[in-house]
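Subject: Structure for you to look through

Hello,

I am handing over the structure we talked about, and below it you will find my notes. Please keep the viewer open while you read, so that you can follow each part in turn.

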Amino acid sequence: MIKRESLLSLEAYARERNAFRSKVMEHKKRRRVHLGEHLTLLFEDELTIRYQLQEMLRIERIFEEEGIRHELEAYNPLVPDGSNWKATMLIEYPDADERKRALERLKGIEDRVWVEVAGHERVPSIADEDLERENEEKTSSVHFLRFELSAPMRQALRQGAALTVGVDHPQYTATTQLGPEVRAALAADLR
């Protein structure tokens with residue numbers, strides 16, 4: 001959880017922003033998982049959410065305590081708690097018309113993403129707990145997912161078990177086994 005006293009003031013963040021941004025972009029490389037051509041999961045952690053929070057405070061020029069508290073309440077639920085992973089899922093189609101058609105076809109995809117620790121059952125995503133991001137016509141291009149891992153799964157990952165991530169939607173399927181760098185970064189998030 002990100003505490004108020006750990007946040008930089010707008011002035012301090014302005015001074016540190018370029019170096020902090022570079023650090024976070026490098027960090028995100030080991031937390032990004034591509035599922036096929038059009039689906040990306042960014043597994044969040046305290047650092048990635050801290051960056052988003054500091055950027056929001058900067059962009060919105062929020063410096064009053066009530067506004068900062070409100071942003072902390074909005075962003076802290078996105079930080080994993082040691083028994084789960086939280087991921088931002090992006091559906092990416094560069095062409096606007098193609099994206100519109102895909103979002104219509106891919107309704108419900110956020111509920112069809114899963115992770116699987118070798119030797120254990122698949123863990124389905126729990127999607128969009130904060131608000132509904134889909135309507136009758138289409139899904140959103142951004143979703144927030146949570147994956148709850150049992151104690152034996154977490155232990156297996158800490159001991160080096162393989163990790164596979166996938167999506168099984170009637171209109172879009174993809175699977176990837178994570179490489180050692182990404183797997184290790186995600187395993188380090190777990191208690």
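In this predicted model, strand E1 pairs with strand E2, residues 39-44, in the antiparallel sense over four bridges, and within that pairing Arg-32 stands opposite Leu-42 in E2. In general, the strands of a sheet pair through backbone hydrogen bonds, and they can do so in a parallel or an antiparallel way. Here the two strands belong to an open sheet of five, which runs in the order E1-E2-E3-E7-E6 with antiparallel pairing. The edges are formed by E1 (32-35) and strand E6 (126-127), each of which pairs on one side only.

Leaving aside residues up to four places away in sequence, Leu-41 touches several others, including Val-33, Leu-35, Ala-87, Val-113 and Leu-145.

Finally, the largest pocket holds about 320 Å³ of space, and of the 15 residues that line it, Ala-74, Pro-77, Leu-78, Asp-130 and Phe-144 are the closest to its centre. Helix H3 (65-75), strand E3 (84-91) and strand E7 (142-148) are the elements that each give two or more residues to this lining, which by class has seven nonpolar, two polar and six charged residues.

Best wishes

Note on methods
Residues are numbered from 1 along each chain as its sequence is written. This is a predicted model: local features need pLDDT of at least 70, side-chain atom pairs count only at pLDDT 80 or more; totals for chains, interfaces and linings use all residues. Side-chain values use heavy atoms; hydrogens and water are left out. Two strands pair if DSSP finds at least two bridges between them. On a 1 Å grid over the protein atoms alone, a cavity is a set of points where a 1.4 Å probe fits but cannot get out, and a pocket is an open set with protein on both sides within 12 Å along at least five of seven lines; lining residues have an atom within 4 Å of a point. Grid points are joined across faces, edges and corners, and a volume is the space filled by probe spheres set on the points. Ala, Val, Leu, Ile, Met, Phe, Trp, Tyr, Cys and Pro count as nonpolar, Asp, Glu, Lys and Arg as charged, and the others, Gly among them, as polar. Contact means heavy atoms within 4.5 Å.
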